[in-house]
Amino acid sequence: MKEEGRRLKDDKRPVSDCHVCGDRAIAHMHYGGICCYSCKAFFRRAVQSGKDKTYRCKKESECDVSVASRRGCQKCRFSKCLVVGMTASWVLS
């Protein structure tokens with residue numbers, strides 16, 4: 001357990017903010033966009049299941065996507081993934 005904590009503390013990977021929700025993220029491209037592991041997994045699941053084509057926004061597609069609200073509107077979160085450069089065709093099926 002101590003070793004695991006030490007690895008995290010001494011982790012030299014560059015850290016950035018998720019360009020989708022603003023959470024902490026490793027500064028690494030996922031499907032073409034810099035995002036946290038949560039948004040990466042959301043994007044992958046949405047594309048692989050085909051649900052990305054059925055998402056609907058209850059507002060006017062202007063929902064705030066933040067760490068606290070990222071689970072509130074799937075359509076706006078997916079749209080923001082696309083805006084930051086994530087590409088559906090890069091997801092393996």
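Trainee: Which pattern does the protein follow when it is read along the sequence?

Mentor: Please note that this is a predicted model. Along the sequence, the pattern is α-β-β-β-β-α-α. The protein has three helices and four strands.

Trainee: What percentage of the residues in the protein is buried?

Mentor: Of the 93 residues, 32% are buried. As for the surface, the protein exposes about 6800 Å², of which carbon and sulfur atoms supply 51%.

Trainee: Which residues have the most contacts inside the largest nonpolar core?

Mentor: That core has 22 residues, and those with the most contacts inside it are C18, V20, C39, F43, F78 and M86. The most comes from α2, with five residues. To look at one member in detail, take C18: leaving out residues up to four places away in sequence, C18 touches D23, A25, I34, C35, C36 and C39.

Trainee: Which residues of α3 are buried?

Mentor: In α3, C76, R77, F78 and C81 are buried. These residues pack against α2.

Trainee: Which residues with a positive phi follow α2 and α3?

Mentor: Just after α2, G50 has a positive phi of about 80°. After α3 comes G85, with a positive phi near 105°.

Trainee: A charged residue in the interior deserves a separate check. How far away is the nearest side chain of opposite charge to R77?

Mentor: For such a residue, one looks for a partner of opposite charge and then lists the contacts. R77 lies in helix α3, residues 74-83. R77 is buried but has no salt bridge, and D23, the nearest side chain of opposite charge, is 7.9 Å away. Because a salt bridge requires the charged atoms to be within 4 Å, D23 does not qualify as a partner for R77. Apart from neighbours within four places in sequence, R77 is in contact with V20, S38, C39, F42, V65 and R70.

Key:
Residues numbered from 1 in each chain as written. Predicted model: local features only at pLDDT ≥ 70, side-chain atom pairs only at ≥ 80, totals over all residues. Heavy atoms only, no water. Helix = DSSP H or I, 4+ residues; strand = E, 2+ residues; numbered from the N terminus. Buried < 20%, exposed > 50% of the residue type's maximum accessible area, 1.4 Å probe, protein only. Lys, Arg positive; Asp, Glu negative; His and termini not counted. Contact = heavy atoms within 4.5 Å. Core = buried A, V, L, I, M, F, W, Y, C linked by side-chain atoms within 4.5 Å. Areas by Shrake-Rupley, 256 points an atom, 1.4 Å probe, with all protein chains shown as cover.
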